[in-house]
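Please consider the following model with attention to its salt bridges and its helix packing.

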Amino acid sequence: MESSKNSLIPSFLYSSSSSPRSVLLDQVLNSNSNAAFQSPNNLEKKSPSPTMVSRKNFLIASPTEPGKGIEMYSRDFYAACTVGGILSCGLTHMAVTPLDLVKCNMQIDPAKYKSISSGFGVLLKEQGVRGFFRGWVPTLLGYSAQGACKFGFYEFFKKYYSDLAGPEFVAKYKTLIYLAGSASAEVIADVALCPFEAVKVRVQTQPGFARGMSDGFPKFVKSEGYGGLYKGLAPLWGRQIPYTMMKFASFETIVEMIYKYAIPNPKHECSKGLQLGVSFAGGYVAGVFCAIVSHPADNLVSFLNNAKGATVGDAVKKIGMVGLFTRGLPLRIVMIGTLTGAQWGLYDAFKVFVGLPTTGGVTPVPAAKA
């Protein structure tokens, strides 16, 4: 029974493999203890004692130490990336719930929510401080599920497509691998996100509809059926797939350029703090591009999830083509830039914590020809 439990838990969370520092400490302790009980003639014929074995079992490496032993692209590697994705997406999206709430209402009712400052003022006046966090539960759950699939499957597909293409093709066209891997991952991630996003938008843009996820979900299903939860899936794909392709491909490219042109030392010689700073900076710049590319579809998602029975044609007719590209864009640039930078920072911080390298910054080397 105990072994079946452990099989469900990534081994890096309970592994007792020693780091170089723990091995060194073990050698020092054992040499000191054995020297006191051995004669000079026997020093060359040392043999392991029970004391040595028991001490070594209790010297467990810290997760933050190098040499933790997670094999790249193993089951534990993908488990770590999945957990990192949950933390990076779920926590960051929940933290910017007030910005997201104002943005959604500016998209749905621009006559009432005319600007960022007035939008916050209207919410504060009508709903109080608690109103700024309405819909935080579906936000946390939905984007945690999305982050798990997005980052976990991105690492999987990036490796899978790289193996299919071969090292020489990857070195030449690595951006295509990033684009294909991120697009494939986002298709899966949006299926996980869509029901939560539908409830979130309805709760945030229709005061009195529901308090949150617990009462909003059954009320939504009763009104529109389970199929209604996926009414916005196509626009969500239209928003999130270009967003994620830009997010991952531009991040990888920007980070590589930072290490190549802005930092004199190679990545492996930089401190972990500097590497995480590069991850945040690369993520923030990538986020600005993401917001611009995906903004029209974001307006469509907000409109369709707010209006029962509405179509894409209805949204374009009411909002207008110019409005699709511009309505709520400045606020979304600030929100998505900060969000994406924080996501990459958190994701890579978790990878460092469990003993993995940060993302990006190393150009693939083609295999040597025979």
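Colleague: On what basis are the values given?

Modeller: This is a predicted model, in which local features need pLDDT of at least 70 and side-chain atom pairs count only at pLDDT 80 or more, while totals for chains, interfaces and linings use all residues. Residues are numbered from 1 along each chain as its sequence is written, and side-chain values use heavy atoms, with hydrogens and water left out.

Colleague: Which residue forms a salt bridge with lysine 103?

Modeller: A salt bridge requires a side-chain nitrogen of Lys or Arg within 4 Å of a carboxyl oxygen of Asp or Glu. For lysine 103 the closest N and O atoms are 3.0 Å apart, and the partner is aspartate 298.

Colleague: Is aspartate 298 buried or exposed?

Modeller: Buried means under 20% relative accessible area, exposed over 50%, and partly exposed in between (1.4 Å probe, protein chains only). Aspartate 298 has a relative accessible area of 1%, so the residue is buried.

Colleague: How are H7 and H11 oriented to each other?

Modeller: Helices are DSSP runs (H or I, at least four residues), numbered from the N terminus. Axes are lines fitted to C-alpha atoms over the stretch in contact, and angles run from 0 to 180 degrees between N-to-C directions; those under 35 degrees count as roughly parallel, over 145 as roughly antiparallel, 65 to 115 as roughly perpendicular and the rest as oblique. Helix H7 (residues 136–165) and helix H11 (residues 233–262) pack at about 55°, with axes 13 Å apart. The two helices are therefore oblique.
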